[in-house]
Amino acid sequence: MTSQTVTDAPRDLINAALAARDKAYAPYSKFHVGAALRTERGQVIAGCNVENAAYPEGVCAEAGAISAMVLSGETKFDEIVVVGLGDVACTPCGGCRQKIREFTGSDATIYIINDAGKTLLTLTREELIPHSFGPENLK
């Protein structure tokens, strides 16, 4: 699969990401983001962005979902859906790309959808963060 090929995201992840986006706390930027991931055991976990008046102290939707996943006792996920506003792809920031890298296998799928639930991009982890740094680099 390449970034040229768009495969529709699974409906349950789309619905969970859209529901999470609706709960985002973004009073400053008004840019609401939701994310939903599926763990290796099939559990769907969502997160939303949470802003703070001290701007750099906010939390991205992807980071929130990953934190909730770890809290649930899991440490791997196979796919994630990210949704922002409109038809411009809301791809994960650099920090979230590294977080996604930490908790996925190389065959993980990242779906970027619009706020109507249409899949805009379908990416492999390698396409999202090529030549990434991971645990194997520490050996």
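Strand S1 is largely enclosed by the rest of the structure, because six of its six residues are buried, where buried means under 20% relative accessible area, exposed means over 50% and partly exposed lies in between, with a 1.4 Å probe and protein chains only. This is a predicted model, in which local features need pLDDT of at least 70 and side-chain atom pairs count only at pLDDT 80 or more, while totals for chains, interfaces and linings use all residues. Residues are numbered from 1 along each chain as its sequence is written, and side-chain values use heavy atoms, with hydrogens and water left out. Helices (H or I, at least four residues) and strands (E, at least two) are DSSP runs numbered from the N terminus.

**Strand S1 and the sheet**

- Both faces of S1 are covered, with Gly34, Ala36 and Arg38 buried on one side and Ala35, Leu37 and Thr39 buried on the other; in a regular strand the side chains alternate between the two faces of the sheet.
- An open sheet of five strands has the order S2-S1-S3-S4-S5 with mixed pairing, two strands being paired if DSSP finds at least two bridges between them.
- The edge strands of this sheet are S2 and S5 (119-124), each of which pairs on one side only.
- Neighbouring strands of this sheet are turned by 15° against each other on average, direction ignored, with axes taken as lines fitted to C-alpha atoms, for helices over the stretch in contact, and angles running from 0 to 180 degrees between N-to-C directions.
- S1 and S2 run antiparallel and are joined by five bridges, with Gly34 opposite Cys48 in S2 and Ala36 opposite Ala46 in S2.
- S1 and S2 form a hairpin with four residues between them, and Gly42 in the turn has a positive phi of about 90°.
- S1 also pairs with S3 in the antiparallel sense, over six bridges, and the bridge partner of Thr39 in S3 is Phe77.

- Helix H2 lies across S1, S2 and S3 and runs at about 140° to S2.
- Helix H3 packs on the sheet, touching S3 and strand S4 (104-113), and the direction of H3 makes about 140° with that of S4.
- The buried residues of H2 (residues 61-71) are Ala61, Glu62, Ala63, Ala65, Ile66 and Met69, and what covers them includes S1 (34-39), S2 (44-48), S3 (77-83) and H3 (94-102), contact meaning heavy atoms within 4.5 Å.
- H2 is followed by Gly73, whose phi is positive, near 100°.

- Ile112, in strand S4, is buried, with a relative accessible area of 0%.
- Not counting residues up to four places away in sequence, Ile112 touches Val82, Ala89, Cys90, Thr91, Pro92, Lys118, Thr119, Leu120 and Leu121.
- Arg97 lies in helix H3 and counts as partly exposed, at 24% relative accessibility.
- Leaving aside neighbours within four places in sequence, Arg97 is in contact with Thr91, Pro92, Leu128 and Ile129.

- Most residues other than glycine have a negative phi, and most peptide bonds are trans.
- Lys30, in the loop between helix H1 (11-22) and S1, has a positive phi near 65° and counts as exposed at 53% relative accessibility.
- His131, in the segment after helix H4 (125-128), has a positive phi of about 55° although it is not a glycine, and it counts as exposed at 76% relative accessibility.

**The largest pocket**

- The largest pocket has a volume of about 260 Å³, a volume being the space filled by probe spheres set on grid points that are joined across faces, edges and corners.
- Of the 17 residues that line this pocket, the closest to its centre are Phe31, Val33, Asn49, Val59 and Cys60; on a 1 Å grid over the protein atoms alone, a pocket is an open set of points where a 1.4 Å probe fits, with protein on both sides within 12 Å along at least five of seven lines, and lining residues have an atom within 4 Å of a point.
- The lining divides into ten nonpolar, five polar and two charged residues, where Ala, Val, Leu, Ile, Met, Phe, Trp, Tyr, Cys and Pro count as nonpolar, Asp, Glu, Lys and Arg as charged, and the others, Gly among them, as polar.
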